[in-house]
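Welcome, and take a moment to get settled before we start. Below you will find the sequence and the structure, and after them we will walk through some of the parts together.

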Amino acid sequence: MNERTLRLLEFDTIRNKAADCALSSEAAERIRKDLPLRDAQAVRDLKTLTGAVLERILAGDEKQESLPAIAPLFPVLETEGAVLEIEDAFAVGLFAERGGAFVSWLVKGENQTLKAAADGIPDCSSLAREVFRVIDKDGNLRDLAEFRDIKKRIQNLTKELEHAGSKYTGSEELRRMLQSGVPSQRDGRMVLAVKANFRGRIRGIVHEVSSTGQTVFVEPEEVVEKNNELIIEKQNLDAEIRKVLREMTRTLAEHRDTLILFHERVVYLETIRARSRYSGGTRGRFAPEHPGMETACPLVLVKARHPLLSRPVPIDLAMEGSTRVVIITGPNTGGKTVALKTVGLFALMNQFGLALPAEEGTMLPIFDGIYADIGDEQSLSQSLSTFSAHMTNIASILDASGASSLALLDELGSGTDPEEGSAIAMAILDRLIEKKTRLITTTHHGILKNYGYTREGVENASMEFDGRTLSPTYRIIMGVPGESHALDIAGRNGLAPDIVERARGYLDDERSDISALITGLKKKHEELDTADAAQKAEQLRLREERRSADLRELRLKQKELEIRAGEAGRLRRLLDESRKTLENLVREVREGELTREKTLKVKEFLRNLEERAEAEETLQEEAGRQLALEKRRIEDRYNSPETPEAAGGDVRVKARGGCIPQTIEPGIEVLAGEFKRRARVLRQDKKGSWLVEIGSLRMKMDGKDLTPLAPSEEDRKPVIAAADLAAAPRPQFELNILGMRLEEALDSLGRQIDAAVLGGMGEFSVIHGKGDGILQKGVHDYLRSAPQVADYFFSRPELGGFGRTEVILK
């Protein structure tokens, strides 16, 4: 990644913007010197860390405090006996304190990436405390005990000097000899500004004469000793301050290596925070990682926006599968060069650890080299024409690029004879294809459009052009080459109409059929897209209509089954009542005259009733089985394959060790039939057939329709919840809650969901009406929180619209 490519793709501007987000001048300088990484793992780690810091920033508790530059102070700490100045020591204290707060803020929370990044950073809080023991938070020297006696003496001497000076300024006779009523300072000593013609009247030492000679600065004899004492005390104070600073510097020097490591790690993390701030400002997203296939990863841009344009048009571009070369054609000013720069800049930003201003689905490989030949590189100083400059650059790209490189070539083959330029361009493309380099190039040469159709791994693309407005839309159309539309654009930009028409005449005389072919291809492409969309819509409509018809048929069968179930229930009740009646009859007969004939008639009556009830239950069971098979057939036709449980298949009973290894024998409990009702095995009837008792009803069933229950209570718990349907309400395809109170309606809905799950019903509908919307809202709120519900929506208008809701179970 050479500097020329970085400059052409304007990566420097992006890098500077990221550096401007840093709160440390040292971090900003480091970012400006950083280059995009080439190692895939390093890129992955950098983006992961940048993304983690961005999430931390978005948490909203960031405290933005600048970090002063302290790297130049490390050589001072290495020097024996060196003393840091107050402002330098203050900078070290601030860095230690704020850097520690920055690290603490990063690791706050449960993000393991940030914790790992901060692991091993030394604690420099003791160094910050040492600095701020001497210096306050404003950078001023504190009033330490070591200084107080000296400061007090200085204060007393200053008062005495002020008193001595007031004798001169307060006397009317002496004041007229002075140029100023306020004593002055010369070299730290108090002096009086005496008029030159009175200098002999005040005895003392002359320190200075004004430039005009009108004023003489005299130190009176009586304050000379006081001035001497004041200077000595000030020197003592400076010496004491130096002593304290020396001790503080010595403490910092003892921890110099720790401070250097702390500084290095904190500045690095600040470079990451700056990247995160910039990424957050672009509202971008990080390209996903593909471990183990970095170079084989597709190059896909989805709604990519160039970050340096004020109003960028999002572009889509895809190099997937075996595609290694994309040839972009289209009109001038159509956005071809911007597309090239967007791809190249995104690749650099991705490997610099920045988020990309694009939509989800954007993917980028990790390149070991990114090379670009964009724009006019004509050089008068080197006697290079435009074409020569392009060839020089492309030659260097051919030498440096490889299978993991990205090459971006703008206007390939331009600047010379079109025929020879096209031949050179195709030869260059052949070489880059041989080297398996990823290449995106732009061109106006018509022969290169045909090249894209005849080479494996090469795909044409074009910049869309609106023929009505005669202006580009800046959208990329993959798979179709484009026309240059040079005449339309020339006319739109002011070229005289007669010149444009004459040009069209020349073009019509000599042009090939390529433009017509391209136009036809575009039209066919649009027609195919339209037809495909219409076909999908029609298939969806027919599928929905057939599904609705099958569901209506199922509802009718369900209603029929419910009627038969009611009849069977009435028959069972009749059997129970008849049994009691006959038992009373038998008792009466026994109390009277008991004959064998009477007893046989009673038993025959009972047996006939039992056979009728058994036959009715068998018919009901078979109807239920057929209904479940029909339901599975419809679901298999319209939905993806479901699990056996969801499709109403056999519910396998599991113990802790796996399937229950238990055979069917008299006396055990089983789950019987399609609806898995709890039953007890009475005896074996025929080979493979068993007589079972379901409630008060006895019936014969095949052994394959019986599932043994676990012998222990603990192992039986999962089965009871999943399959004991004997006491559960039967699910309905259409639950009508009109006229119910909300509480009653939700209770019915809960029972319906439980029954549907246990019965293997994948979907049903709820009729709640519109009204004031109370039932409608209550039902939707209940469905939203029900864990068994996968989806719910209003029915189609012909099935009830907003007055009815379709419920899909998991």
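In what order do the four strands E1, E2, E3 and E4 form an open sheet? The order is E1-E2-E4-E3, with antiparallel pairing. Strand E1 (184-186) and strand E3 (204-209) are the edge strands, each pairing on one side only. On average, neighbouring strands of this sheet are turned by 45° against each other, direction ignored.

Before going further, a word on what you are looking at. This is a predicted model, in which local features need pLDDT of at least 70 and side-chain atom pairs count only at pLDDT 80 or more, while totals for chains, interfaces and linings use all residues. Residues are numbered from 1 along each chain as its sequence is written, and side-chain values use heavy atoms, with hydrogens and water left out.

Now for the overall picture. The protein chain holds 23 helices and 23 strands. Of its 810 residues, 43% count as buried, where buried means under 20% relative accessible area, exposed over 50%, and partly exposed in between (1.4 Å probe, protein chains only). Among the contacts in the protein chain with a separation of 6 or more, 69% are accounted for by residues 24 or more positions apart; contact means heavy atoms within 4.5 Å.

Back in the sheet where we began, look at strand E2 (residues 189-195) and strand E4 (residues 215-220). These two run antiparallel and are joined by four bridges. One place to look is Ala-193, whose bridge partner in E4 is Phe-217. Helix H11 (residues 221-254) lies across E2, E3 and E4, and runs at about 75° to E4. Axes are lines fitted to C-alpha atoms, for helices over the stretch in contact, and angles run from 0 to 180 degrees between N-to-C directions.

Next come pairs of helices. Two packed helices are described by the angle between their axes and the distance between the axes. Start with helix H2 (residues 11-20) and helix H3 (residues 25-33), which pack at an angle of about 165° with their axes 8 Å apart. H2 is therefore roughly antiparallel to H3. The cut-offs are these: angles under 35 degrees count as roughly parallel, over 145 as roughly antiparallel, 65 to 115 as roughly perpendicular and the rest as oblique. H2 passes H3 in a right-handed crossing; a crossing is left-handed if the near helix is turned anticlockwise from the far one by less than a right angle, and right-handed if clockwise. Arg-15, Asn-16, Ala-18, Ala-19 and Asp-20 of H2 meet Ala-28, Ile-31 and Arg-32 of H3. By class, this contact of H2 with H3 has four nonpolar, one polar and three charged residues (Ala, Val, Leu, Ile, Met, Phe, Trp, Tyr, Cys and Pro count as nonpolar, Asp, Glu, Lys and Arg as charged, and the others, Gly among them, as polar).

A second pair is helix H6 (residues 86-107) and helix H12 (residues 256-281). Their axes come within 10 Å and cross at roughly 55°, so H6 is oblique to H12. The crossing of H6 and H12 is left-handed. Residues making the contact include Val-92, Phe-95 and Trp-105 of H6 and Leu-259, Phe-262 and Arg-273 of H12. The residues of this contact of H6 with H12 divide into twelve nonpolar, three polar and two charged.

Strand E8 (residues 369-373) runs parallel to E9 and is joined to E9 by five bridges; here Ala-372 stands opposite Leu-408. E9 also pairs with strand E10 (residues 438-442), in the parallel sense over four bridges, and there the partner of Leu-409 is Thr-441.

Our last stop is another open sheet of four strands, in the order E20-E21-E23-E22, with mixed pairing. Its edge strands are strand E20 (734-736) and strand E22 (789-794). The twist averages 20° from one strand to the next.

Definitions and conventions
Pairing = 2+ DSSP bridges.
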